[in-house]
Amino acid sequence: MRTKICGITSYKDAMTAIKAGADALGFVFYEKSPRYISPQDAKKIIAQLPPFIEKVALFVNESATTINAFMKESGATLAQLHFTTTPELIDALCVPYIKVTRAKSAQDILEFADEYRLVDAYCEAYGGEGKRINIEWFDGVDCSKIILAGGLDSSNIISLKDYGFYGLDVSSGVEISHGKKDPQKVQEFIKNAQ
């Protein structure tokens with residue numbers, strides 16, 4: 001399974017994730033998050049990264065104009081949309097994007113079923129609470145286009161392999177504190193995912 005280490009706030013943590021085998025890094029452009037990073041600071045990290053790593057920018061309740069501008073400014077390669085979008089917003093985006101479903105029920109995980117999407121457990125705040133989704137909701141579901149997030153860590157992802165998820169997204173499960181990654185936890189998470 002592919003892996004994304006989210007909530008990157010330093011070059012050191014970015015390289016720790018890359019050296020451990022991460023496919024993608026996440027940068028949180030949501031000011032209310034404890035893992036927030038400005039597009040300018042993200043650019044300083046992204047500019048030093050090796051090629052072939054996806055740089056994902058997380059957005060909450062932003063306009064297409066802001067998303068396009070922050071993506072260009074930071075050098076991020078994929079916008080992760082953690083909010084209900086409109087067709088008009090999607091049409092106005094000039095960048096690749098992925099939608100996020102914040103699932104409250106088993107029915108919710110079928111949203112955007114014809115496209116690659118990220119499925120996270122619903123919580124009042126956006127992102128980073130480490131709440132785990134009910135894995136039984138995925139029984140019998142085609143998970144090949146789903147990136148699973150929410151409450152994941154190296155000990156609970158081994159049981160997910162039979163579901164065939166496209167990828168896994170982790171933040172708090174590999175942290176020492178908000179925005180600071182634990183190298184050993186990152187390595188164990190990616191090893192167990194692979």
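Strands here are DSSP runs of E of at least two residues, numbered from the N terminus. With that in mind, and remembering that the model is predicted, begin by selecting β1 (2–5), β3 (54–59), β4 (78–81), β5 (97–103) and β8 (167–170), each of which supplies at least two residues of the lining of the largest pocket. Among the contributors to this lining, β1 provides the largest share, with three residues.

Next, select Ala24, Glu54, Leu78, Ile147 and Tyr166, which lie nearest the centre of this pocket among the 18 residues that line it. The space they surround has a volume of about 330 Å³, and its lining divides by class into 11 nonpolar, three polar and four charged residues.

Then move to the second largest pocket, which holds about 200 Å³ of space. Of its 12 lining residues, Phe83, Thr84, Val100, Arg102 and Glu111 are the closest to the centre. Here the largest share of the lining, four residues, comes from β5, and the classes are five nonpolar, four polar and three charged residues.

Which residues is Phe189 in contact with, leaving aside its neighbours within four places in sequence? They are Thr3, Ile5, Leu152, Asp153, Ser154, Ile157, Leu168, Val170 and Val174.

Key: Residues are numbered from 1 along each chain as its sequence is written. This is a predicted model: local features need pLDDT of at least 70, side-chain atom pairs count only at pLDDT 80 or more; totals for chains, interfaces and linings use all residues. Side-chain values use heavy atoms; hydrogens and water are left out. On a 1 Å grid over the protein atoms alone, a cavity is a set of points where a 1.4 Å probe fits but cannot get out, and a pocket is an open set with protein on both sides within 12 Å along at least five of seven lines; lining residues have an atom within 4 Å of a point. Grid points are joined across faces, edges and corners, and a volume is the space filled by probe spheres set on the points. Ala, Val, Leu, Ile, Met, Phe, Trp, Tyr, Cys and Pro count as nonpolar, Asp, Glu, Lys and Arg as charged, and the others, Gly among them, as polar. Contact means heavy atoms within 4.5 Å.
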